[in-house]
Amino acid sequence: MKITIDPKRYMDGRITVMGVAAILITWFHCDVIITLGSLLELFKLTGDIGVDMFLFASGAGIYLAANKYPSYFEYLYRRVRRVLIPYLCVYVPVYSYERVMFGGGYSRFLKRILLLDFWLEGDLGNWYIAGILLLYIITPLWIKLWKKHRWVYAGTFSAVLVGYIFLRNAPGIIHWNIFLCRIPVYLLGLAFGKLLLEKRKLEVSLPLSVGAVLCGVVLILAAMGRLPVGIPGAYKCLAYLPVAVGLSLLLAKLPSNKFTNYFGVRSLEIYLVFETVQEMVHSLPQMEVFAGNTKIMLAIFSLTITLVAVEILCLLCKLIDKTLDKMVSYIKK
């Protein structure tokens, strides 16, 4: 028995997928205290699967973008500024405040702003931004190579998997694992984008697909120590691959709604703002009275402030976007 997967249907529902992914990641990062060993705790600890869903969606979108713009620099300008503008709007003030309050010097400040602290020192604070920008930069060049040599895709996929398995404990680059183990799901997104551009549908075996997802679930539980036979915890994110793809394809078929659409449209901004707001809220002594045993009220308060800050951030980013467009138009003239 086979099922037909239509990439266009996925792209039509992609905003819903991104909205659910943003909600999962926010839930994963919130500091609510949950009973150890409970199903709710398991659900929270696996919320980072939203990152894999994002990367799958990003891969599909980037493949289309890489074939849409007339030049590499036009593509790079459009894609990179979508990430850099909100990132700089949030973290230039944040890192400036931290430098003034806690010291560290300008070299440390620049290293953090340029995202070198992740690659060189293992600061995981903005690993996703550092990783996605790198993928944005190299993907169009890689796609050109893939078009010339069909083996490039399978070779890259295999090399990443094998490299991660054997180098995951390598001194000096252990902190790269959080990014490297997510590259396979991004590559699957690229393949999905290729199918969409070629207006092709994909037929897959239903039993094989269900089996792959169930196998992924079992491996996730084993990596988290929830089964008698465990596997290294570092393999959890690799096990996310079939589950994240299956969940993304399923969610894309659901009717859109304003709630998930909002989180999907504002996903990047929410990701950038939420943890910073949460840290600020938790650092206020006055908020201890609202903490309680579970810190649920603090989480709700942090999310409320985040959503207000996100709207302000979006207005600022739109203003900067318009200014940049006018500057570019003026230079072209």
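This report covers salt bridges and a nonpolar surface patch in a predicted model.

## Basis

Local features need pLDDT of at least 70 and side-chain atom pairs count only at pLDDT 80 or more, while totals for chains, interfaces and linings use all residues. Residues are numbered from 1 along each chain as its sequence is written, and side-chain values use heavy atoms, with hydrogens and water left out.

## Salt bridges

The whole structure holds 17 salt bridges (a side-chain nitrogen of Lys or Arg within 4 Å of a carboxyl oxygen of Asp or Glu). One of them joins Asp48 and Lys236 at 3.6 Å, N to O. Asp48 lies in the loop between α3 (39-45) and α4 (49-68) and Lys236 in helix α13 (residues 236-251), so the pair ties together parts 188 residues apart in sequence. Both Asp48 and Lys236 are buried (under 20% relative accessible area, with exposed over 50% and partly exposed in between; 1.4 Å probe, protein chains only).

Arg78 and Asp325 form a salt bridge at 3.7 Å, N to O. Arg78 is in helix α5 and Asp325 in helix α17 (residues 296-332), so this pair ties together parts 247 residues apart in sequence. Helices are DSSP runs (H or I, at least four residues), numbered from the N terminus. Arg78 is partly exposed at 31%, as is Asp325 at 30%. A network of salt bridges links Arg78 and Asp325 with Glu74, Arg81 and Asp321.

## Nonpolar patch

Tyr97, Val100, Met101 and Phe102 make a nonpolar surface patch of about 510 Å² (residues with over 30% relative accessible area and no salt bridge, nonpolar side chains joined within 5 Å and like charges within 9 Å; areas by the Shrake-Rupley method with a 1.4 Å probe, only the protein chains shown counting as cover for residues). Met101 lies in helix α5 (residues 72-102) and is partly exposed, with a relative accessible area of 49%.

Note on methods:
Helices (H or I, at least four residues) and strands (E, at least two) are DSSP runs, numbered from the N terminus.
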